[in-house]
Amino acid sequence: GFAHAHGCRAGAHVQSRLSVGGPVSLHGVSQPLNMTDYIEEQRNELEALESIYPDSFTVVLENPTSFTITVTSDTGENEETVEATIQFTYIEQYPDDPPIFEIIGQENLQKSDVTDIITLLNEQIQENIGMVMIFTLVTAVQEKLNEIVDQIKWRKEEEKLLKEKEAEEVEKAIFHGTPLSIENFLSWKAKFDAELAEIRRKRQKEEEQAGKVKLTGKQLFETDHNLDTSDIQFLEEGNNVEVDESLFQDMDDLELDDDDDPDYNPDLGSEED
């Protein structure tokens, strides 16, 4: 933008050397225009711009004529807007020579957006050489800003959808996993116990192969504390056996013959007496 602007200024100096009233090309036709004709065209365009953009048009310099126009996009769905303030400067033989322009302010635009606007302005200037063009340039920028607002809207919607999807996945992982129940807990417990038993079996086999002494029942009892609580848990859970004591009330009335006992030794019986 700046290089282009300096180039335009240099061109203005070259054109200014032409004698006033000399033949110059306007609209592709050689016409004997003088500087008064350019000044008149420029003045007429300024009046029109001031009428079209009463709130955003500001003259900042009289000679050379320089002014700013603030271009604002339409409002997006979420009240967002983008904005660019452009300063235009007439050169002596505008519109046969391009105006100088510079973007001096912006809101909510990225660097790439500003670059795109500068490119757009340069293209429009080349297409409109020979005609007053500021309104055409501003209209092109207005349309570009509206496109940018739409892109912002879609970008925000995509980001919102992505965040919602991520939140849903997290919620599913936390709250919508396999529901905990006695059945699936016992299934998990059985699988866990089986894996643990397999680990212990392998470890015991390795110890045996290494020549270590196999644990006795007492050692197993002391090392695995689950063994000393399993029976208590069994009783506490209501699985204890009820004994009918009446079955044993008449034990004294039973006539038991010691001869029926093959291990009975009468000699030992007499010694105890």
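In the predicted model, strand 4 (66–72) and strand 5 (83–89) pair in the antiparallel sense over 7 bridges, where two strands count as paired if DSSP finds at least two bridges between them, and where helices (H or I, at least four residues) and strands (E, at least two) are DSSP runs numbered from the N terminus. Strand 4 also pairs with strand 3 in the antiparallel sense, over 4 bridges, and a hairpin of 4 residues joins strand 3 to strand 4. Thr68 of strand 4 is the bridge partner of Thr58 and stands opposite Gln87 in strand 5.

The loop between strand 3 and strand 4 contains Pro64, and the peptide bond from Asn63 to Pro64 is cis, with omega near 0 degrees. A cis peptide bond is also found from Tyr94 to Pro95, with omega near 15 degrees, and Pro95 lies in the loop between strand 5 and strand 6 (100–107). In the loop between strand 6 and helix 3 (111–127), Asn108 has a positive phi, near 65 degrees, and counts as exposed because its relative accessibility is 53%.

The average pLDDT (the predictor's confidence in each residue, from 0 to 100) is 76, and 63% of the residues score at least 70. Over residues 1–25 pLDDT stays under 50; where pLDDT is low, the predicted coordinates should not be read in detail.

Residues are numbered from 1 along each chain as its sequence is written. As this is a predicted model, local features need pLDDT of at least 70 and side-chain atom pairs count only at pLDDT 80 or more, while totals for chains, interfaces and linings use all residues, and side-chain values use heavy atoms, with hydrogens and water left out.

Notes. Contact means heavy atoms within 4.5 Å. Buried means under 20% relative accessible area, exposed over 50%, partly exposed in between (1.4 Å probe, protein chains only).
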